[in-house]
Amino acid sequence: MQSQSQSQSTDSSVSSSEYPKLEGYLAEGFYDEVVCADSVARPDAVALVDLINRLPVGELNRRQRAIERSLYQMGITFTVYSDEQGTEKIMPFDIIPRIISASVWSDVELGLKQRIRALNRFLDDVYNERQIIKEGLIPARIVDSCPQYLPQCKGLKPPAGVWCHITGTDLVRDNEGAVFVLEDNLRCPSGVSYVLQNRAVMKKNFPRAFADSSVRPVNDYPARLYQMLRRMAPDLPNPTVVVLTPGVYNSAYYEHSFLAHQMGVELVEGRDLVVENDHVYMLTTDGRQQVDVIYRRVDDTFLDPEVFNKDSVLGVPGLMRAYRAGNVALANAPGTGVADDKVVYAFVPEMIRFYLGEEPILNNVPTYLCEREEDRSYVLAHLDELVVKAAGESGGYGILIGPHATDEQRAEFAEKIRENPRNYVAQPTLQLSRVPTMTGETLEGRHVDLRPYILCESADDVWVLPGGLTRVALKKGSLVVNSSQGGGSKDTWVVASPGQTVARP
Amino acid sequence: MLSRVAESVYWMSRQIERAENLARFLEVTLHLILDQPENLVDPWEPLVRVTGDEEFFKKKYGHPNQENVVNFLAFDEEYPNSMLTCLRAARENARGVREKLSSEAFEQINEFYLFVNEASRNESLDRTSQFFDQIRQQTLLWSGVLESTMAQDTAWHFANVGRMLERADKTSRILDVKYFNLLPSVEHVGTAVDDMQWSALLLAISGFEAYRRDYHEVSIPNVVGFFLFNRTFPRSVHRCVASAGWSLGEIDQASRKQTSSQSSKKVDALKHRLAFTQVEEVLAGGMHEFVDLLQLELNDIGNTLAEDYFQALIPA
């Protein structure tokens, strides 16, 4: 423990006596994003740590409660289970922000842009020419056996070669602070509304520390999103853009409504739309009105019962016909899930080399593919060290965290892996970085991840929101940050380099 | 606007107005019994009768008394028209059209619902005047928010139609309470007790002061006229119908339709009839019968409205 802390503080070389120490807080040998190993503030967190130290006892806690109350009143909730009580919870919010330095961010931004360019090339390739398979870089069986690979999308050529317009990549930092991509989330990633709301409440509650920390702004996200969406119908001077939601019982409904509201566009459900002569119309009090661009938050296979899941009542019969005919634009295109598969993930570095001729800027977490025999034997022999994931699952389900699991759980997973090796991958257990977090009256370190949001209009026009959703595992020692499993969120402060725009409190 | 959204906005607004009027029913009755006039008829049974849901009540609660009527109208989660269920439904509707409301409007509905929901779970709550005072504050806030934070666009007009049709219906029902009250004791008409009861009725629609300014003394024809035909008071039936008609006209205009919708024509017809009916005719023909007919017409307008705007465009 001791030697690790020592090496870290020299590593980050910011242990200067003029920086304040976060009183009563211990990094406990983990990489902490706010303080160094000796609990002294990192350079970008000086204003924040100063403020926390100066607050009277109990004040942080009071503000924490006040924020929770206001989130509840604003109705920023997600539905836990739908009954008549309308059981709703706010996404737990933690008052201590996560701070990311300008230099770390500039790598992240470049890396994400590179990655999304390669992933879009891959999607276009895999549904058309299949060069990457012909070159022998990815086995055809891996792609074809992926449940998210949709044969119905073969031959589609979305304009500008963009399949994935909106991405929410999950990143983590390890014990040395190195950044890794954990998942790409190319299918309707959610959470950006929390980024904007978290920022709004933080600005209200910590105006001074915020102003002193030169934080980059995030609130132009809806405007950027709208701009991108309307340009997806380049021939129309004033296209009708809508957000398509599964409806009020969807757990992310608040976000769908929030984004439609912020962009000033209609929020529609499948039942509000009809397709006629391969054009999409919405049913209004004045009759039918043509729809040109759909930001759809309905899953691929529910989009169109004519083509995909026949029982879907959330979708619009004929939507894919209209899409193929080029009469409506969809963001994201259907079929992007194939690049989201946890086995395909392992090949993303190869994609970057193959399509772009570049070396990956962001690391993948080393991944063992259980369908390879040698990998599988290694995984089965090291279940107590590894994190095992089901390839098709998301939301923190279907995961075994080896070091935290019981013998029975490990045995159960070993069985599943032997039964269906294609469906499992394993990765070393990363010691995720931590951020000070309110636990009752005191601050303790809790593990976090980061989901930045990327908007891709074309290969040359990729924008990364300077910020993102920091999810935090509120349970001591836990590595699971999903809100469905006891995770909360924090505001994310990306520090501006000289010359960059700074958010005003 | 989307038909589904228009329908949700319309019902959201109706449901809030309904909750508000239930609070008014209860509040006025609670005030009335505080004065404890000796020969006061049992005030709770008529309250149940005007809802039109006596059967449901009798089955579940038996004989009406203060406790069970307050519980029934305010907090009963099984009764689809209690304040709590109305507000819950209004909030569900609001959630479905949140992007069409101002943030303030949504937050006000949310807060209103949470307030009543918490009250329903609070056993020690004093369920008399203080609670209903707070409800009234909430509803006034809601009206203010609607007026001052929302553009008067099509969504607003649908909300207004919902609010006005519901209010017209409930004003007529508040008047009807008096009819049921009067039935067993016709000889009390004109006594001091009666004066108190009619005043309470005026208080229920916040019209006591406005009425006194116009007429000073309570007289049955004047009170009935005030409820039904007053041209300026915001809760009179005539005023509500006129306002609903105005909104429907604006909705038609916004959609650049050449002809008025059926519902718009029906509202105008009702408005004209109200404008040319005399109080004396109402009393001679029986007030309860008049009010009953009025409620049927209002329901018919509601159904026509749904055909005109909410359903007509869905392909078979």
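This report describes the two chains of a predicted model, from their overall form to selected local features.

## Basis of the description

The model is predicted, and local features are reported only at pLDDT of at least 70, side-chain atom pairs only at pLDDT 80 or more, whereas totals for chains, interfaces and linings use all residues. Residues are numbered from 1 along each chain as its sequence is written, chains are lettered from A and ligands numbered from 1 in the order in which they are written, and side-chain values use heavy atoms, with hydrogens and water left out.

## The two chains

Chain A contains 14 helices and 24 strands. Helices (H or I, at least four residues) and strands (E, at least two) are DSSP runs, numbered from the N terminus. The C-alpha atoms of chain A fill a box of roughly 70 × 60 × 50 Å along the principal axes. Its radius of gyration is 23 Å, in agreement with the value near 23 Å for a compact globule of 505 residues. This radius is taken over C-alpha atoms, and the globule rule is 2.2 Å times the number of residues to the power 0.38. Of the 505 residues in chain A, 58% are buried (under 20% relative accessible area; exposed is over 50% and partly exposed lies in between, with a 1.4 Å probe and protein chains only).

Chain B has 15 helices and 0 strands. Its radius of gyration is 20 Å, close to the 20 Å given by the globule rule for 316 residues, so chain B is as compact as a globular protein of that length. The C-alpha trace of chain B spans about 60 × 50 × 40 Å along its principal axes. Buried residues form 58% of the 316 residues in chain B.

## A parallel sheet in chain A

Four strands of chain A form an open sheet in the order E8-E7-E12-E13, with parallel pairing. Two strands pair if DSSP finds at least two bridges between them. At the edges stand strand E8 (266-268) and strand E13 (329-331) of chain A, each of which pairs on one side only. On average, neighbouring strands of the sheet are turned by 30° against each other, direction ignored.

Strand E7 (residues 241-244) of chain A pairs with E8(A) in the parallel sense over 3 bridges. A:Val242 has A:Glu266 in E8(A) as its bridge partner. Helix H10 (residues 253-263) of chain A packs on the sheet and touches E7, E8 and strand E12 (293-296) of chain A. The direction of H10 makes about 150° with that of E8(A); axes are lines fitted to C-alpha atoms, for helices over the stretch in contact, and angles run from 0 to 180 degrees between N-to-C directions.

## Two crossing helices

In chain A, the axes of helix H4 (residues 102-126) and helix H12 (residues 348-356) come within 9 Å and cross at roughly 80°. H4(A) is therefore roughly perpendicular to H12(A) (65 to 115 degrees; under 35 is roughly parallel, over 145 roughly antiparallel and the rest oblique).

A cis peptide bond, with omega about -10°, joins A:Ala331 and A:Asn332. A:Asn332 belongs to the loop between E13 and H12 of chain A.

A:Asn185 is a residue other than glycine with a positive phi, near 45°. It lies in the loop between strand E6 (179-183) and helix H7 (192-205) of chain A, and A:Asn185 counts as buried at 11% relative accessibility. A:Ser214, also not a glycine, has a positive phi of about 35°. A:Ser214 counts as partly exposed at 28% relative accessibility.

Technical notes: Contact means heavy atoms within 4.5 Å.
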